[in-house]
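Subject: Structure for you to look at

Hello,

Here is the structure I promised to pass on. Please open it and keep it beside you while you read my notes.

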Amino acid sequence: MKRIKVKFEQIADIENIKSAIVNAARNKKHRRSITKCLNDIDGTAIKIQRILLSPDRSKYLSTGTVKVINEGTGRKVRTICRPNFFPDQIIHWAVMQKLAPYFVKMYYTHSYASVPGKGVHKALRKMNSAFRRDMKGTKYCLQFDIRHAYDSVNKELIVACVRRKVKDPRVTDLKSDIVYSYVLSGLPKGF
């Protein structure tokens, strides 16, 4: 098994953190707290770096705001987690900017939901293409939703998977801190 060789230093690099601040702020720049971080991006990046390098960084991570919303259709009620921009979202982005390219390569070829560069429209085009190429052999298309999928994710399994795939133990410890900072069961929606 080939392991991911992302080093903790790459995540804690000031340039990576600055990029994480900008990415985490996308579509949220109207919020006062986010504007404040963007206006002092160097100072914010240094604070995040100090938190990352701190031996007790888990005390800085939190669940954020948890609220129950009614999804527009009126049929689904969801518990959404809105993590704090500073430091939670920035740290999450700093980690994912380095790890995501490796994990996305491991996804099933025809996974389309929440995958950068894919989505529902690309899935529909792929399905229509399959129908046109082989009308007789293409009889079914399955669309499904796993009820409470995020709520039922086993945190221990996620952390074990990351430990198996990522070589640097400091990176896996950081991912573990992020996963366990969410106090409710499973993983948060909206993180």
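Of the 191 residues in the protein chain, 33% count as buried. Keep in mind that this is a predicted model. The C-alpha trace spans about 60 × 45 × 30 Å along its principal axes. The secondary structure comes to eight helices and two strands. Their order along the sequence is α-α-α-α-β-β-α-α-α-α. Among contacts with a separation of 6 or more, 68% join residues 24 or more positions apart.

The core

Which residues of the largest nonpolar core touch the most other members? They are Ile11, Leu52, Phe85, Ile91, Leu99 and Leu174, out of 29 residues in that core. Six helices each supply at least two residues: H1, H2, H3, H4, H5 and H8 (169-181). H5 gives the most, with seven residues.

Take Ile11 as a way in. Leave aside its neighbours within four places in sequence. Ile11 is then in contact with Val6, Asn16, Ile17, Leu52, Ala94, Val95, Lys98, Val171 and Leu174. Two of these, Leu52 and Leu174, are also on the list of core residues that touch the most other members.

Helix H2

Now move to H2, residues 14-25.

At the start of H2, look for Asp13. One of its side-chain oxygens reaches to within 3.2 Å of the backbone nitrogen of Glu15. Further along, the buried residues of H2 are Asn16, Ile17, Ala20, Ile21, Asn23, Ala24 and Ala25. What covers them includes H1 (8-11), H3 (32-39), H4 (41-53) and H5 (85-105).

Just after H2 comes Asn27, with a positive phi of about 65 degrees. Asn27 is not a glycine, yet it takes this positive phi. Asn27 lies in the loop between H2 and H3. Is Asn27 buried or exposed? Its relative accessibility is 72%, so Asn27 counts as exposed. The cut-off for exposed is over 50%.

Helix H4

H4 has 13 residues. From first C-alpha to last, H4 reaches 18 Å, close to the 18 Å expected at 1.5 Å a residue. Its buried residues are Gly43, Thr44, Ala45, Ile48, Ile51 and Leu52. H1, H2, H3, H5 and H8 are among what covers them.

Look at Thr44, which is in H4. Thr44 has a relative accessible area of 5%, so it is buried. The cut-off here is under 20%. A polar atom of the Thr44 side chain lies 3.2 Å from the backbone oxygen of Cys37. Leaving aside neighbours within four places in sequence, Thr44 is in contact with Ile21, Cys37, Phe86 and Ile90.

Helix H5 and what follows

The peptide bond from Phe86 to Pro87 is cis, with omega near 0 degrees. Pro87 is found in H5.

Ala100 also lies in H5. How exposed is it? With a relative accessible area of 22%, Ala100 is partly exposed. The C-alpha atoms of Ala100 and Pro116 are separated by 9.9 Å, and the two residues are 16 apart along the chain.

Next, find Tyr108. Tyr108 is in the loop between H5 and H6 (120-133). Its relative accessible area is 59%, so Tyr108 is exposed. The C-alpha atoms of Tyr108 and Lys36 are separated by 40 Å. These two residues are 72 apart along the chain.

Rings

How many aromatic pairs are there? The count comes to zero, with ring centres required to lie within 6.5 Å. The charged end of Lys118 sits over the ring of Tyr112, 5.0 Å from its centre.

That is the tour. Send me your questions.

Best wishes

Note on methods
Residues numbered from 1 in each chain as written. Predicted model: local features only at pLDDT ≥ 70, side-chain atom pairs only at ≥ 80, totals over all residues. Heavy atoms only, no water. Helix = DSSP H or I, 4+ residues; strand = E, 2+ residues; numbered from the N terminus. Expected span 1.5 Å × (residues − 1). Buried < 20%, exposed > 50% of the residue type's maximum accessible area, 1.4 Å probe, protein only. Contact = heavy atoms within 4.5 Å. Polar contact = N/O pair within 3.5 Å; in protein donor to acceptor, adjacent residues only side chain to side chain. Core = buried A, V, L, I, M, F, W, Y, C linked by side-chain atoms within 4.5 Å. Phe/Tyr/Trp six-rings, centres within 6.5 Å; stacked < 30°, edge-to-face > 60°. Lys NZ or Arg CZ within 6 Å of the ring centre and 35° of its normal.
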